[in-house]
Amino acid sequence: MLFSKPPFQSDVQLQSFTTFGIVASARFYLRIIDVTQLRQVSQLPELTKLPLLVLGGGSNVILTGDFSGVVLHIALVGREYVTEDDHFIYVRAAAGESWHDFVQWTLQQGWGGLENLSLIPGSVGAAPIQNIGAYGVEMKDCFHSLTWFELANGKIHTLTYTDCQFGYRDSVFKHALSGQGVILDVTFALAKQWQAKLRYDDVARILEETTVGAPTPQQISSAICKIRQSKLPDTRVIGNVGSFFKNPLVSAECCAALLVRFPQLINYPQANGQYKLAAGWLIEKAGWKGHVAGRVGVYSKQALVLVNLGGALGSDVIALARRIQADVERQFGVQLEIEPFLA
Ligand code: EPU
């Protein structure tokens, strides 16, 4: 098996494989459909000599230019009921499954827990990497374990909740295990004693308008889909990767000082005494909402989302992101961290 020969493809356009739709190509590309294939690839001595990009649904990656190495596109499929005990139903999905389709499948079976994470673009295998979250729930809240293929030796490991070191849009896969392997499948524990999580005013309001009595997981999912559709651009129509920056965490002193200057500052106290600020608010206040910079822009309904206005290159996106970061730092003294992976 050589990179320049089948089953690998050379000089493959990646535009349709990432949700931002960036124009960039991969020198070598392979769609991974089973573990055997992954094992064969891992045994290639050349693998360590070239840059490697593991691509899932492409919803959290910005290609900064043509990729000079090997792209492994994970297309492992399958989802199943695993088992249950007194408290939980355990379900598993392969890494290449669409996240939203998987969530809908669990809801169709009558199992609640993932409904607040409806309509998040991307694949199941990418979900633990950034610990996806929305409307008061993070993936870690229903996570049980995952299996992970180590490229250096072909070993398959089971990683528990603790092993994954989940944080806000963070996990071990962004640190010690970055670029070291491939997530094969993820197992979730869905509580039998389901409880609605309606901490967000938007969600509660829509449900009050549309449902009578206590809402079901499916009704919550529908409400979440409605909210996302009204605020966030559909990746099939306008290229984007959701939030482009993390909401920054600042000290209590910093937040208090900012509140004196900006009484409307949106801030959320954290358990550790820090405050999380709404990056979208900071970017809007700094004057960037709806800004157009050639082929890229800042979404007009949500300033935390950068959008592809047609034919964007990675360099266009990064240039705009850097200008926004510098301006927010100048105006508020707050540093914004880019959330998607820059390849
Ligand atoms: N806001 C503004 N102007 C804007 C955008 C937001 O003033 O242009 C204000 C809103 O009015 C609101 C606050 O900022 O008071 C927070 O906005 P929103 O509820 O839209 O959520 P967010 O903090 O911008 C986060 C997640 C989203 C997730 C939503 C809902 C991050 C980086 N982003 O966004 O996740 O869907 O909360 O829970 O934490 C993603 O990670 O890609 C993503 C979309």
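Predicted model: local features only at pLDDT ≥ 70, side-chain atom pairs only at ≥ 80, totals over all residues.
Q: Which residues are the closest to the ligand, and how many surround it?

A: A residue belongs to such a shell if one of its heavy atoms lies within 4 Å of the molecule. Here 23 residues surround the ligand, and the closest are Tyr135, Tyr168, Glu284, Gln302 and Ala303. By class, eleven of the shell residues are nonpolar, six are polar and six are charged.

Q: Which parts of the chain supply the shell around the ligand?

A: Domain 2 (79-191) and domain 3 (239-342) each contribute at least three residues to the shell, and at least two come from each of β8 (133-134), α5 (217-231) and α7 (279-285). The largest share, three residues, is that of α7.

Q: What lies 2.8 Å from an oxygen atom of the ligand?

A: A polar contact is read from a pair of N or O atoms within 3.5 Å. In this model, an N or O atom in the side chain of Asn247 is 2.8 Å from a ligand oxygen, a polar side-chain atom of Gln302 lies 2.8 Å from a ligand oxygen, and for Ala303 a polar backbone atom is at 2.8 Å from a ligand oxygen. Of the 810 Å² that the ligand exposes when taken alone, the protein buries 83%.

Q: Where do the buried residues of α4 fall around the helix axis?

A: An α-helix has 3.6 residues a turn, so residues three or four places apart point the same way. In α4 (residues 201-210), Val203, Ile206 and Leu207 are buried. Seen down the axis of α4, the buried residues fall within an arc of 100°, and they therefore line one face of the helix. The face turned away from that buried side carries the exposed residues Asp201, Glu208 and Glu209.

Note on methods
Residues numbered from 1 in each chain as written. Heavy atoms only, no water. Polar contact = N/O pair within 3.5 Å; in protein donor to acceptor, adjacent residues only side chain to side chain. Areas by Shrake-Rupley, 256 points an atom, 1.4 Å probe, with all protein chains shown as cover. Helix = DSSP H or I, 4+ residues; strand = E, 2+ residues; numbered from the N terminus. Nonpolar A, V, L, I, M, F, W, Y, C, P; charged D, E, K, R; others polar. Domains from an automatic or database assignment. Buried < 20%, exposed > 50% of the residue type's maximum accessible area, 1.4 Å probe, protein only. Arc of directions from axis to C-beta.
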